Amino acid sequence: MSALTKAERPAKKQAFGGRGDRIMSRTVFCVAVTGIIVLIFILGFLIANGLPVLKTVSLKEIFFSRDWYPTEEPPALGMAALIAGTLAATLLSSIIAIPAALALAVFTAEIAPRKLRNFFKVLLEMLGFLPSIVLGFIGMMLIAPWMQDTLGIASGLNLLNASILLGFLIIPVVASLSDEALAAVPLELRDASYALGATRMETIQKVVFPSALPGIIASVLLGVMRALGETMVVLMAAGGAAIIPTLFTEPVRPLTSTIAAEMGETPVGSVHYYALFFAGLILLVMTLMINLASLYIEKRGTKR
């Protein structure tokens, strides 16, 4: 039987590197490059519209002055109270939400039966898609009157109200990502711990949790970034007072709510207009720093 010629031989199918893989690779590359270009455009737009405010006011006044009266003559553009309100709401909501989120992640990943775990996963996904304006409405109509009557305060729209609602937004993010980090710990580590006589709680505490710690920290930072950039909840429930809070029951005015409340009524090209863009630039730098910290921690955890 004569050997087949080269043209008659059946073509070998390539597992990788075929035409479909090249098309998909180029598509992913184009999408990634498009995202980078969009981010660069946003950053350039914020810089172009934010930096002109420095012709009128110094960085020292922006970051250390408490006076935010942008419509006065001359305008007072101190953002210290706005930045303090942003950091206070983010910190307090993180303190409220992160322990609960981590406890929920440990329960779903290590303790709950499979059916219950699947139920909690679906519930977390649903909570993650809950519109923030709905939470803001709940804060205004339910939590604020309850706080006012129970605590005997002048207004229920305050730092504590906004932080509780922000906590509801953080919990699904942190719990879901931490659950994935815990589930990714190899089963062999758990079996080795049990073989040495450790209990389930000892295994979780001394083996599973430390192994998943880089992913957990990254999820916590992403949750903090979620609270830092939230707008509608703090706009509706924080009270809107540009002061540095000394009590949990005092109203605050974070950067996001300031931009949302004032941008629509600000003349284009005015100092007030440029100041709001500069506030957006400050927020972008904050979230970028947290994102870079999250990527760095995750990268170090992968090397380990």
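In this predicted model, the axes of helix α8 (residues 200-211) and helix α9 (residues 213-228) cross at roughly 65° and come within 5 Å. On the α8 side the contact is made by F209, P210 and S211, and on the α9 side by L213, P214 and I216. Five residues of this contact are nonpolar, one is polar and none is charged.

**Salt bridges**

Six salt bridges are found in the whole structure.

| E110 | R190 | 2.6 Å |

E110 and R190 form a salt bridge. E110 belongs to helix α3 (residues 80-111) and R190 to helix α7 (residues 187-195), so the pair ties together parts that lie 80 residues apart in sequence. E110 is buried, with a relative accessible area of 14%. R190 also counts as buried, at 10% relative accessibility.

D179 has a relative accessible area of 0% and is buried, whereas R117 is partly exposed at 22%. Both residues also belong to a network of salt bridges that links R117, K121, D179 and E180.

E230 is buried, with a relative accessible area of 5%.

**Aromatic pairs**

The structure holds seven aromatic pairs. In one of them, F119 and F120 are arranged edge-to-face, with 5.8 Å from centre to centre and 70° between the planes. F119 has a relative accessible area of 51%, and it is classed as exposed because the cut-off for that class is over 50%. F120 has a relative accessible area of 19%, and it is classed as buried because that class covers values under 20%. One aromatic cluster is formed by F41, F45, Y273, Y274 and F277.

Terms used: Residues are numbered from 1 along each chain as its sequence is written. This is a predicted model: local features need pLDDT of at least 70, side-chain atom pairs count only at pLDDT 80 or more; totals for chains, interfaces and linings use all residues. Side-chain values use heavy atoms; hydrogens and water are left out. Axes are lines fitted to C-alpha atoms, for helices over the stretch in contact, and angles run from 0 to 180 degrees between N-to-C directions. Helices (H or I, at least four residues) and strands (E, at least two) are DSSP runs, numbered from the N terminus. Contact means heavy atoms within 4.5 Å. Ala, Val, Leu, Ile, Met, Phe, Trp, Tyr, Cys and Pro count as nonpolar, Asp, Glu, Lys and Arg as charged, and the others, Gly among them, as polar. Rings of Phe, Tyr and Trp (its six-membered ring) pair if their centres lie within 6.5 Å; planes under 30 degrees apart count as stacked, over 60 as edge-to-face and the rest as tilted. Buried means under 20% relative accessible area, exposed over 50%, partly exposed in between (1.4 Å probe, protein chains only). A salt bridge is a side-chain nitrogen of Lys or Arg within 4 Å of a carboxyl oxygen of Asp or Glu.
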